[in-house]
Amino acid sequence: MSGLLDMGVPPVLPNNNDHLHTRTHRQAMSKILFIVSLIMLTSACVPTSYEALPEQQSPLESFWQKSISTDITQYSCIVCHHSESIASETDYVLLQNNVDDYLDKNLEITLAYLEKSEQHGQLFLSKSRGLDHTQVLNVESDKYLTLQSFVEMATQQDEIRASAISYYKASLSDNLMQTQCLACHVEEGLAASTGLVLTDANTANHQDINANRVINFASLSNTNFDNVLLKATGFDHAGGEVVASDSEEAGFLMAFLSLLNPSSTQ
Ligand code: HEC
Ligand code: HEC
């Protein structure tokens, strides 16, 4: 237990009964404030989104479509970086625009390249500006700066996801998700037809898989994002109140959500 309390989330249990009432009250208030600000803030800013969505584009995806794909990758890179050209043996091979869905797929290919290691973002940019590579973009050009912003945005999202995954594994997986939510949120469970279906501990890497599933679910829409905490604490949830709003577990869930969307709290 003490290990969990060390995770940076303050312990919920009061040490002393005199403060029980005020603490609980204060926690209930801050919880309500949290939910209100969560709803206000998340409707004001687009949630961090990671997956290609047909009905709702993530900021990264629209950036890619508006400023990178046509003007930079299809214009300046594809000529060498497609499967039949001179860079076909490299780790960066794009699809030409006669392929269905090339926009989404090339974004995926580019993200996969940038995710290969911490250095790949810098490598990608240094190649573009001509280091050990033909010079394609001038460092001072608007296009280069745009590409740089894109790389920053893409690699920052990785960091956000990585920190959310490690928090999930340390504080949510065993404490809450595997023990409580899995009762229904599994294939064949009561919540099998929802957007949140988790996998049991028999699956290797179940913690990573489930962390990614919860993150993907929460990133799909503001409603999903809000519902992770709201439903878990019994607001409009067929599964009822799984954890009390002022419980330690609810605190872990809030902390996890605030990692995904830092502007949603405070
Ligand atoms: C004139 C042809 C040409 C153009 C245009 C070109 N590249 Fe390249 N690129 C190459 C070749 C050849 C290689 C393999 C040798 C090397 O690493 O430099 C390469 C390698 C790379 C690599 C390293 C891939 C790996 O295996 O790690 C990256 C990243 C890259 N290019 C990005 C770009 C980007 C981004 C653009 C457009 C802004 C671009 N290139 C435009 C020819 C090109
Ligand atoms: C007793 C069964 C049960 C348990 C336990 C349970 N749920 Fe649910 N949950 C459901 C059912 C059934 C639905 C679908 C109906 C609804 O939205 O309430 C649902 C829906 C949800 C949704 C909305 C899914 C969607 O597709 O929009 C979320 C989010 C959610 N639950 C989170 C949780 C979390 C987090 C836990 C654990 C803290 C949990 N639930 C535990 C039964 C359960």
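This is a predicted model: local features need pLDDT of at least 70, side-chain atom pairs count only at pLDDT 80 or more; totals for chains, interfaces and linings use all residues.
With 18 C-beta neighbours inside 10 Å, cysteine 184 counts as partly exposed. The protein has nine helices and zero strands, and 29% of its 266 residues count as buried.

**Overall fold**

- Read from the N terminus, the elements follow the order α-α-α-α-α-α-α-α-α.
- When contacts between residues at least 6 apart in sequence are considered, 54% of them join residues at least 24 apart.

**Nonpolar cores**

- In soluble globular proteins, nonpolar side chains tend to be buried together.
- The largest nonpolar core holds 26 residues, and the members that touch the most others are Ala164, Tyr168, Val228, Leu253, Phe256 and Leu257.
- At least two residues of this core come from each of α6 (142-177), α7 (206-220), α8 (222-232) and α9 (248-260).
- Helix α9 provides the largest share of this core, with eight residues.
- Apart from neighbours within four places in sequence, tyrosine 168 contacts Ser173, Ala211, Val214 and Phe256.
- A second core, separate and made of 15 residues, includes Ile68, Leu107, Phe150 and Ala154.

**The pair α3 and α6**

- Two packed helices are described by the angle between their axes and the distance between the axes.
- For α3 (residues 59-77) and α6, the axes come within 11 Å and cross at roughly 145 degrees.
- This crossing of α3 and α6 is left-handed.
- On the α3 side the contact involves Leu60, Phe63, Trp64, Ser67, Ile68, Asp71 and Ile72, which meet Lys143, Thr146, Leu147, Phe150, Met153, Ala154 and Gln157 of α6.
- Sorted by class, the contact of α3 with α6 has nine nonpolar, three polar and two charged residues.
- Ile68 of α3 and both Phe150 and Ala154 of α6 take part in this contact, and these residues are also included in the second core.

**Surroundings of ligand 1**

- Ligand 1 is surrounded by 20 residues, of which the closest are Cys77, Cys80, Ala87, Thr90 and Asp91.
- Two or more residues of this shell are given by α3 and by α5 (120-128).
- Helix α5 gives the most to the shell around ligand 1, namely four residues.
- The shell around ligand 1 divides by class into 11 nonpolar, six polar and three charged residues.

- Cysteine 184 lies in the loop between α6 and α7.
- Not counting residues up to four places away in sequence, cysteine 184 touches Gly189, Leu190, Ala191 and Gly239.
- Cysteine 184 and valine 197 are 13 residues apart along the chain, and their C-alpha atoms are separated by 8.5 Å.
- Glycine 189 is found in the loop between α6 and α7.
- Glycine 189 counts as partly exposed because 17 other C-beta atoms lie within 10 Å.
- Leaving aside neighbours within four places in sequence, glycine 189 is in contact with Ala183 and Cys184.

**Loop residues with positive phi**

- Most residues other than glycine have a negative phi.
- Asparagine 205 has a phi near 60 degrees, a positive value in a residue other than glycine.
- Asparagine 205 belongs to the loop between α6 and α7.
- Since 10 other C-beta atoms lie within 10 Å of its own, asparagine 205 is exposed.
- Aspartate 236 has a phi near 50 degrees, again a positive value in a residue other than glycine.
- The loop between α8 and α9 contains aspartate 236.
- Aspartate 236 is exposed because 7 other C-beta atoms lie within 10 Å, and the cut-off for an exposed residue is 12 or fewer.

Key. Residues are numbered from 1 along each chain as its sequence is written. Chains are lettered from A and ligands numbered from 1 in the order in which they are written. A nonpolar core is a set of buried Ala, Val, Leu, Ile, Met, Phe, Trp, Tyr and Cys residues joined through C-beta atoms within 7 Å. A residue is buried if 20 or more other C-beta atoms lie within 10 Å of its own, exposed if 12 or fewer, and partly exposed in between; C-beta atoms are placed from the backbone. Two residues are in contact if their C-beta atoms, placed from the backbone, lie within 7 Å. Axes are lines fitted to C-alpha atoms, for helices over the stretch in contact, and angles run from 0 to 180 degrees between N-to-C directions. A crossing is left-handed if the near helix is turned anticlockwise from the far one by less than a right angle, and right-handed if clockwise. Ala, Val, Leu, Ile, Met, Phe, Trp, Tyr, Cys and Pro count as nonpolar, Asp, Glu, Lys and Arg as charged, and the others, Gly among them, as polar. A residue is near a molecule or strand if its C-beta atom, placed from the backbone, lies within 6 Å of it.
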